[in-house]
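Here's a quick walk through one protein model, written for someone who likes to know the cut-offs. Take a look at the structure first, then read on.

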Amino acid sequence: QVQLVESGGGLVQAGGSLRLSCAASGRTLSSYTVGWFRQVPGKERDFVAAIGSSGYTNYADSVKGRFTISRDNAKNTVYLQMNSLKPPDTAVYSCAARWDYATSREYTYWGQGTQVTVSS
């Protein structure tokens with residue numbers, strides 16, 4: 001079992017920055033792909049970014065050039081640096097993990113989420 005806890009959310013003005021953290025316990029994340037997702041009430045959850053165990057990264061078009069995902073395996077933590085934030089980035093951000101050697105590509109473990117609010 002992997003437990004994921006997000007932190008770093010908050011209220012920021014448009015153009016500002018936040019760094020979200022996804023801290024894992026229970027197992028090391030070194031063999032897991034970790035993704036960040038966001039959801040606004042009443043809408044579907046959207047993919048934001050992911051980082052594989054090899055360090056390969058993938059981003060949604062809406063955040064490319066503004067957000068950076070990274071991992072620190074020594075701290076068992078994945079980060080999402082969010083710059084040039086815009087009001088449409090307002091959402092609950094959740095991290096999720098899936099084991100790279102599993103047959104399914106579904107994310108197995110999810111955190112509880114952290115609220116990010118960007119004011120105009």
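## The disulfide

The S-S torsion between Cys 22 and Cys 95 comes out at about 70°, so this disulfide is right-handed. The two sulfur atoms sit 2.1 Å apart, and the rule used here asks for a pair of cysteine sulfur atoms within 2.5 Å. By that rule, the count is 1 disulfide. In general terms, a disulfide is a covalent bond between the sulfur atoms of two cysteines.

Cys 22 belongs to strand E3 (residues 18–25) and Cys 95 to strand E9, so the bond ties together parts that lie 73 residues apart in sequence. Strands here are DSSP runs of E, at least two residues long, numbered from the N terminus. Both Cys 22 and Cys 95 are buried, where buried means under 20% relative accessible area, exposed means over 50%, and partly exposed is in between (1.4 Å probe, protein chains only).

## Where the numbers come from

This is a predicted model, so bear in mind that local features need pLDDT of at least 70 and side-chain atom pairs count only at pLDDT 80 or more, while totals for chains, interfaces and linings use all residues. Residues are numbered from 1 along each chain as its sequence is written, and side-chain values use heavy atoms, with hydrogens and water left out.

## The sheet

E3 also turns up in an open sheet of 4 strands, ordered E1-E3-E8-E7, with antiparallel pairing. E1 (3–7) and E7 (67–72) are the edge strands, each with a single partner, so one side of each has no neighbour in the sheet. On average, neighbouring strands of this sheet are turned by 15° against each other, direction ignored; the axes behind that angle are lines fitted to C-alpha atoms, and angles between N-to-C directions run from 0 to 180 degrees.

Pairing takes at least two DSSP bridges between two strands. To pick out one of these contacts, Ile 69 has Leu 80 in E8 as its bridge partner.

## Two loop residues with positive phi

Most residues other than glycine have a negative phi. Asn 76, in the loop between E7 and E8, has a positive one, near 55°. Its relative accessibility is 13%, so Asn 76 counts as buried.

Ser 84 has a positive phi too, near 50°. This residue lies in the loop between E8 and E9 (91–99). At 40% relative accessibility, Ser 84 counts as partly exposed.
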